[in-house]
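Hello,

Here is the structure I promised to pass on to you. Have a look at it first, and then read on for what turned up.

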Amino acid sequence: MEPTTSYKVNQQCAFCNETCTQGDTIVRHDQTFCCFGCATLYDVQNNLGGFEWSDDEISIEYKQYDLPEVFNQLVDFQNDKIYKVSVSLPEIHCSSCVELLEDLPEFDEAIHTSHVNFEERTLTVTVGKSFGLAHLSMLLDKLGYPPQFNVSKKASQKRKKTQTELLRKVAVAGFCFGNSMMFSMPHYFGLSILGDTFFAGLFRYLNVGFSVLVLAYPARDYFVTAYQSVLRKKSHIDIPIVLGILAIWIWSMYEIFSGTGFGYLDSLAGLIFFLLVGKWYQNKVYSRITFERSIHDFLPISVRRNNAGITDWVRVNELSIGDIVEVKNGEVIPVNGVLKSGKAVIDYSFVTGESVAERTAVGQPIFIGGKQTGSTILIEITEKQDTAKIWSAWKTPKKQEKSESHWTTIVSMYFTPLVLLIAFGSLAAWYFIDASKALFVFSSVLIVACPCALALSTPFTLGSIVRVLSKNEFYLKSSDSIEKLAEVDHIVFDKTGTLTDSASSKAIVIEDCLTQTQQAWVKSIVNQSNHPLSQGVFNHFKNIECIEVSEVQEIEGKGIQGIVDDHLILVGSAAFIGVTSNHTSSEVYVSIDGDVRAHFGFGNQYRKGIKSFFKSLSQKARLSVLSGDNDSEADTLKSLYPHFQTVRFNNSPNAKKAFIDECHSAGDHTMMIGDGLNDQVALHQSDIGIAVANTINGFYPSSDGILVANSFEKLPRLLELTRYSGSVLKTSLAFSVFYNLIGIAFAVAGSLTPIVAAILMPLSSITVVGLVTALVSLKAKKLRLL
Amino acid sequence: MKILVLLISVSVLMALLFLILFIKAQKNGQFEDLESPSFRILNEKNKTGYNAKRKI
C-alpha cells in the first residue's frame, strides 16, 4: 500500500467524480479519492491492488472482542462453525464503500456473506469461526472503516423495534380510516342508498368491524397508558383522549344498533390515525446515531501482557502485581501502573481535558484512560486492578428525568374535568328542555371536545423542529429537549475542542517530498517537543515508529533541531530554516541536511466566525467559558468577546460540574457545550448538555444531543428556532381551543349532526398539523436553516 | 344495485391485501434501508484483483 495523506480541500474524487467534501480525502498514486472504498476500487480496476495484513497488527481494542463473554454479547447469531455479526461503520458514505464492503468475501475465504445497510451505516457479515471478531475488526480498520461494536446496543434496538411497530399500527389505522370513510360517504351526502336498508346495514356493520379492529390494535397503547395513569392517580394527556374515543365509540354503537343513526366511526378511525402519525413523526429515530454507548465500548477489558518477552492476551482483572503490559501507539491505557520502559507521551484529554500530551518518565505512574501517542510502551502493574472500581469512577449516571410535568399534561388535568362539567351541565339543562335529546347532547359534547388537535400539536411541532435541526446536523436524543433548549439563558462552553477546532491542529501538507525513512526521522525529532505545532506534525505521520535521536535542541518560538542517523534535521518556522515566506498562518518547515524537504500549514485555532457567533448568542443568554487548559488563551478570549460572565482555566471535570451547580442554585437554565467524554460530568449536570463532535459516531455519554462541528456556527440560529417552538405551540393551542369552542357550541345546542362532526373533527386535526408544520418551515427558511 | 355487494367486497379485500403485503414487506426488512439497493445494482460481481494476503 502506498502512503496516504489527508487533505482538507474540495476536490473531485478520481474514481466516482463526486466532490470530496465529507471529512478527509485520501491521496494515493497522486490521485484524490473521496473515501477508502473509491481508492481501493480504483486500485482493483487498474490492477494496482495488493492488500496485505498480518495477525500481529491487532490492537488491544479489537483483541477483546475475542473474549467469549464479549463475543457472545456482540454476535447476533452463532453455531459451532460460523457467526453472524452487525457492526457499525461510520465511515461508509458512498456507493464505492458499499461495493467494497460487500466484496469482503474476496478478502478472506472465511468470510461467507457481507451485507451493507447504508441508512444505518452498518455491515452484517457471516464469518467462519476460524476468523475471529478481532481479525474482522482489524481487516475493516485496515480497509479504512474502523468498526464500532456496541456492547450496549440493546437500547437502540428496542427503540427501533417500537418505531417499526408504530409504523405497522399507522398502516392498520390508515386502512381502517380509509375504508370507514368510504362507507360513510354516501351517508354524508344524503344519497339515496340510505333508503336501501340492506346497504345501509352492510355499511354500518362494516364500519363496526373496522372500528373494533382500530380499537383492538392501533389504539391499544392509549388505553394502556390511560389505565396506568389512572391507577397511579396521575394526570396524562391520554386520559381525555381515551375518554373521547370511548364516548365516540359507545355512542356510535348505540346509534347503529338502535337504528337511530350512523355513528361517528370514521372520525374515530381518523382520529387514531392522525394521533399515531404524530407519535411516529415525533419518535422518528436517527438510527445512525447511538447515544447509548457505554464505557465498556471505550475501555479495553483485555490487555497484551508481555512477561519476559512472551506476549499473550489476558483480561485486565486477571493481571497480578509485577505483570508487564504492552501498549502500542494510539491505544488506550487499560490499567493503572508505572512506566517500565519506552517513551510515554500520553494524551489524557479524555480524562482531564488538558489538550497537551503529558510525558511520563520511566518509573512514574501511568493512569487508566489516557491514550499513548508515539512508540510502544511497557507498563508494570503495581496494584491489583479492580476493574469494577475503575469503571464505577467512569460510569455515567443515568440522566434523571425531571419530574416537572409537560404543559400538555397540565392542560389535560384541567381539560378532562372541564369537559365533564360542560357535558353534565348540558345534560341537566336539556333534561328540562327536551329530555329525549339530553343523552344525545351529553355524548355530543364528549365526542366533539376530544383533545385530538391538542394532542397533535406537540408531536408535530417538536417533530418538525427536530427534523430541521437534524438537517443542519444537530441531533437531539429526544424531542423533549427542544423545550429545554428554548429556556436556556446561560451557555457554558468548554474551550479546547469546542471553541477551538481540534481538526485545525492537523497539519495541512503544502509540500512533502519526504521518503518513509525521512518521515520517521522528522517524527522522532518533533516527538521531543511539546509545542502544539510539533504535536500536529507528529500526529500527521501515522503508523510510523520513532527512532533514537541525539543532540536535540529546541529554540523557543523558532523550532527544534536534532541529529538522526547522522543527518541534521531542522523543524520550525521559515526564519529558523532560513527561507522566506509570505504566508501569515502558522507554518512549519522541515529541512534535512540543509535542504527544505517539507512544508506544513496549520489552520486557525478558533472556529470560523466565532466573534459573530458569540455576539448573536449573547442576545438571549449569558456566556461562560470553562477550560481544562492553562490561562495562556485568556487575552485572546477577551478580544473575541469581552462580556463573558465567567472565564475559568485549569478546571478539572469536577470543577466544571461544580460551576454548573453554582449556576443552577442561582436559578440559571444552563446549557453546557463540550466535547464528549472529558466534559461528561458537566454535560450530565447541566439542564441540557450538547457534545460538539467531528463525527456523529463517537462516545458521547450523558449528552442530550450532538452538534456536528461543521454546523457549530449555526448554533445561534438553531437555538432561535427552538425558542420559536413556544409560540408555535401556543398558536396551535389557540386554534384547537377555537375549534373545540365551535364544536361544543354545536353540541350544547343539540345540533351536532353527523356531517358537522365529520367535517369539524378531521378538519381541526389537519389544520393544526398543517399550521405547525408550515410555521416551523417558514421560520426555518427565514433563519436560512432549510 | 346488487353488483355493489361484489364491488364492495372486492374493494375491501384488495385494501386488506395491500395492508397484508405492506406488513409482510416491513417484516422482511424492505423499509430498513432504502438507499443501498440503488448502489448495489451497479456493483460488478466477482471481481478479482483485490489480491488480499493474510500473514499468519
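**Where the two chains meet**

The contact between the chains draws on 45 residues of chain A and 34 residues of chain B. Please keep in mind that this is a predicted model. About 3500 Å² is buried between chain B and chain A, and carbon and sulfur atoms account for 60% of that area. On the chain B side, three residues supply more than any other three: B:Gln26, B:Tyr50 and B:Arg54 give 21% of the area that chain B buries against chain A.

The rule finds one salt bridge across the interface of chain B and chain A. A salt bridge joins the side chains of B:Arg40 and A:Glu102, with 2.7 Å from N to O.

Which elements of chain B give two or more residues to the side that touches chain A? They are helix H1 (3-27), helix H2 (36-40) and strand S1 (52-55) of chain B. H1(B) gives the most, with 12 residues. Sorted by class, the side of chain B that touches chain A holds 15 nonpolar, 11 charged and eight polar residues.

Strand pairing also crosses from one chain to the other. S1(B) is joined to strand S6 (residues 51-54) of chain A by four bridges, and the two strands run parallel. Within S1(B), B:Lys53 is the residue that stands opposite A:Glu52.

**Inside chain A**

Chain A has 786 residues, and 54% of them count as buried. Its secondary structure comes to 26 helices and 32 strands. Among the contacts in chain A with a separation of 6 or more, 66% are between residues 24 or more positions apart.

A few strands are worth a look in your viewer. Strand S7 (residues 77-78) and strand S8 (residues 82-88) of chain A run antiparallel and are joined by two bridges. Three residues lie between S7(A) and S8(A), and the two strands form a hairpin. A:Gln78 has A:Tyr83 in S8(A) as its bridge partner. S8(A) is also joined to strand S10 (residues 122-128) of chain A, by seven bridges and in the antiparallel sense. There, A:Ser88 has A:Thr122 in S10(A) as its bridge partner.

Further along chain A is an open sheet of three strands in the order S16-S15-S18, with antiparallel pairing. Why is one side of S16(A) and of S18(A) left without a neighbour in the sheet? Strand S16 (358-360) and strand S18 (371-372) of chain A stand at the edges and each has a single partner strand, so one side of each has no neighbour there. Strand S15 (residues 344-347) of chain A pairs with S18(A) over two bridges, in the antiparallel sense. A:Asp347 has A:Lys371 in S18(A) as its bridge partner.

**One histidine to look at**

Is A:His599 buried or exposed? A:His599 is buried, because its relative accessible area is 7%, which is under the 20% cut-off. A:His599 is found in strand S27 (residues 595-602) of chain A. The side chain of A:His599 makes a polar contact with the side chain of A:Tyr589, at 3.3 Å.

Happy browsing, and best wishes

Key: Residues are numbered from 1 along each chain as its sequence is written. Chains are lettered from A and ligands numbered from 1 in the order in which they are written. This is a predicted model: local features need pLDDT of at least 70, side-chain atom pairs count only at pLDDT 80 or more; totals for chains, interfaces and linings use all residues. Side-chain values use heavy atoms; hydrogens and water are left out. Contact means heavy atoms within 4.5 Å. Buried area is the accessible area (1.4 Å probe) that two parts lose on being put together, summed over both. A salt bridge is a side-chain nitrogen of Lys or Arg within 4 Å of a carboxyl oxygen of Asp or Glu. Ala, Val, Leu, Ile, Met, Phe, Trp, Tyr, Cys and Pro count as nonpolar, Asp, Glu, Lys and Arg as charged, and the others, Gly among them, as polar. Two strands pair if DSSP finds at least two bridges between them. Buried means under 20% relative accessible area, exposed over 50%, partly exposed in between (1.4 Å probe, protein chains only). A polar contact is a pair of N or O atoms within 3.5 Å; within protein, one must be able to donate a hydrogen and the other to accept it, and residues adjacent in sequence count only if both atoms are side-chain atoms.
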